[in-house]
Amino acid sequence: MTTNQLSVRTGNNSSIIGVSAVLGIFLLFALLMMAFAKDAGMGTQALTFLVLGGGLFIGIGMWAGSLIDRDPFDESRYEDTLVKFGVAASMFWGLAGLLVGVIIALQLTWPSVFYFPEFGWTNFGRLRPLHTSAVIFAFGGNVLLATSFYVVQRTCRTRLAGGMWPWFVFWGYQIFIFLAATGYLLGITQSKEYAEPEWYVDLWLTLVWVVYLLVFLGTLWKRKEPHIYVANWFYLSFIVTIAMLHIVNNLSIPVSLTGSKSVQVFAGVQDAMTQWWYGHNAVGFFLTTGFLAIMYYFIPKRVNRPVYSYRLSIVHFWSLIFIYIWAGPHHLHYTALPQWAQTLGMTFSIMLWMPSWGGMINGVMTLSGAWDKLRTDPVVRMMVVSLAFYGMSTFEGPLMSVRAVNSLSHYTEWGIGHVHSGALGWVGYISFGALYCLVPWLYKRKGLFSKSLVEWHFWISTIGIIFYMVSMWFAGIMEGLMWRAYNEYGFLEYSFVETVEAKHISYIIRMLGGLLYFSGAAIMAYNLIRTALGHGEATELETATDPYAKPEPRAALAPAE
C-alpha cells in the first residue's frame, strides 16, 4: 500500500468517527429537547429523532465493528451500494407521495365521504403539504441524490469523496423527510409553501445539505477525468442555489429553544417576496436544473449518442441560472408588492422561454441518428416525452406570468393543472426513465424484467396526465370566468359555492388521472424489484468489467462539436 493510499484509507475511516460524533451531538440535543419540551409536538418530534438517529448511530457502530481487515471505502471501486439505496428510497417515497395525492383528490371530490373529523391528522390541510413534500423532496430529492452520486462518479472516474459522509447525507436526508412528514401530521408547520418544516428540521437539513455540497465538490476535486461534464454543472447549481434559498427563506427565531414554533424574520410584503423568490426557484433549481442534469447524462447514455450541441448546453446552463432567479415576483401580481417588482418577475419569466426551449431542443435532437429507439425502447420514449412536457410547461408558465393572463388564471385550478403537467410529465417521466436505466446498470442485468410492463406504465401514466391536465385547465378557465362574471346590476353573477359545484366533474376526472398515474408508478416499482432480483429477461451479465478500466464511452458523452 502506497503512502497516498494509506492516507486516503485513514481519512475515509476517520469519517466514520466524524459522522458518529455529529450524530452523537444531535442525539444529545434531541434528548434535552424531549426532556424540556414546551409542547407535545416538540416532544414527539424529539423522540422521533432519537429513535431514527439512535438507530443510525447503533447501525454505524455495529457495521464499523465488523471491519477488521477490509477497507469499506475501497477507492478502486465505485460507491454503488449507496446509489442502490437511493433508488429504493425513490421508489418507496414516490409511491407514498402519489398515494397521498390520490387520497386528497378523493377528499376534494367527495368531502362528505372522505372526511374523518375524529382523526385530525387525516384532514386535507395536513395531508396536502405531506403530498407536496413527499413527491418533491422525498421522491424527487432521492432521485437527485441517487443520480448525482452515480453520475459524478462515472463522469469523474473516481469514487465518491468523504468515506462515510455520503452515507450521512443519504440517511440524514431520510431523517429530514420523516421529521417533516410526521410534523405535518401533528400540525407542526410554519405555513410557507414548499417550506413547511419548522426551525429545528430546517437546521438539520442545512447540515445535511452542506455535507452534500462538500461531498460533491470533493468528488469533482479528485476527479481523474480533466473535463467536467455539463451534467455536473447542473447538479452543482442545484445544490448551491437550494442551499441559499433554504437558508434565507427559513430565517426565523424560535419562540423557545425547546418548542416547535418560530417567528419569521421577514414580515408583510417582504416575507411574501422572500417566500416566492424561494418558491419559484425551488421549482427552477430543484425541479428543473437538477433534472436537466439527469437529461444531459441519461438520454445520451441510453441512446449511445453524443449531446446534440455541447455549446448549446453551456449557453442553456448560464442563461437559465441567471434568468430563473429573478422570476419569482410573478406569483405576486395584484398584491402589495410594488408594480415594478411584479413587472420585473414577468419580464424575466418571458425571457425564460429561450433557455428552456433551447435545452429541450438539445435533449430531443440528441436522438439524431437514433430515432428508431422511440419505437423500440419505451424508456427512451418516456424520457423524450418528458422533454415535451418540459417544453409545454415552460411555455405555459411564462404565459401565465403575463398580468392579463394572470388575472384570469391565478388562484384557480389552471395553476394546479400547470404545476402537475410539469411535475408528472417532466419531473416524473425523466425520473422514471433514470430509474429504469439505473437498476439494470447497478445490478449488472442485461435488461429490465419486462419491457412490456414499461409500455403499460408509459401509456397508463400518459393517459393519467392528460386526464389531470385537461380537467384542471377546463376547471380553471371556467372558474376564472365565473369569478369575474357580473349581472346587469353590477353584482357578482356566481357565489363561490357555485364555482365549486361547477368543478365537480373535473375533480372526478382529476382523481381518475391521479389514480392512473399512481398505478403506472406501482407497475414500475414491481418491474424494478423483479429486475434487481434477476427475474425474467433481467439475466445477469456474463462478464463484469472493471469500472476504472476506461472512462465513460466518448460516443455517449463527448460533445458533438
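Student: In which helix is the place of E501?

Tutor: This is a predicted model: local features need pLDDT of at least 70, side-chain atom pairs count only at pLDDT 80 or more, and totals for chains, interfaces and linings use all residues. Residues are numbered from 1 along each chain as its sequence is written, and side-chain values use heavy atoms, without hydrogens and water. Helices are DSSP runs (H or I, at least four residues), numbered from the N terminus. The run at residues 496-502 holds E501, and that run is helix 17.

Student: Is E501 buried or exposed?

Tutor: Buried means under 20% relative accessible area, exposed over 50%, partly exposed in between (1.4 Å probe, protein chains only). E501 has 62% relative accessibility, so E501 counts as exposed.

Student: Which residues form the nonpolar patch on the surface?

Tutor: Patch residues have over 30% relative accessible area and no salt bridge, and nonpolar side chains (Val, Leu, Ile, Met, Phe, Trp, Tyr) are joined within 5 Å. A salt bridge is a side-chain nitrogen of Lys or Arg within 4 Å of a carboxyl oxygen of Asp or Glu. Areas come from the Shrake-Rupley method with a 1.4 Å probe. With about 870 Å² of accessible area together, the members are I25, L28, F29, L31, L32, M34, F36, L47 and V51.

Student: Which helix gives the most to the nonpolar patch?

Tutor: Helix 1 (3-35) and helix 2 (40-65) each give two or more residues. L28 is found in helix 1. With six residues, the top contributor is helix 1.

Student: What share of the 561 residues of the protein chain counts as buried?

Tutor: The chain has 19 helices and two strands. Its C-alpha trace spans about 90 × 65 × 45 Å along the principal axes. Of its 561 residues, the buried share is 55%.

Technical notes
Patch = residues over 30% accessible without salt bridge, like charges linked within 9 Å, V, L, I, M, F, W, Y side chains within 5 Å.
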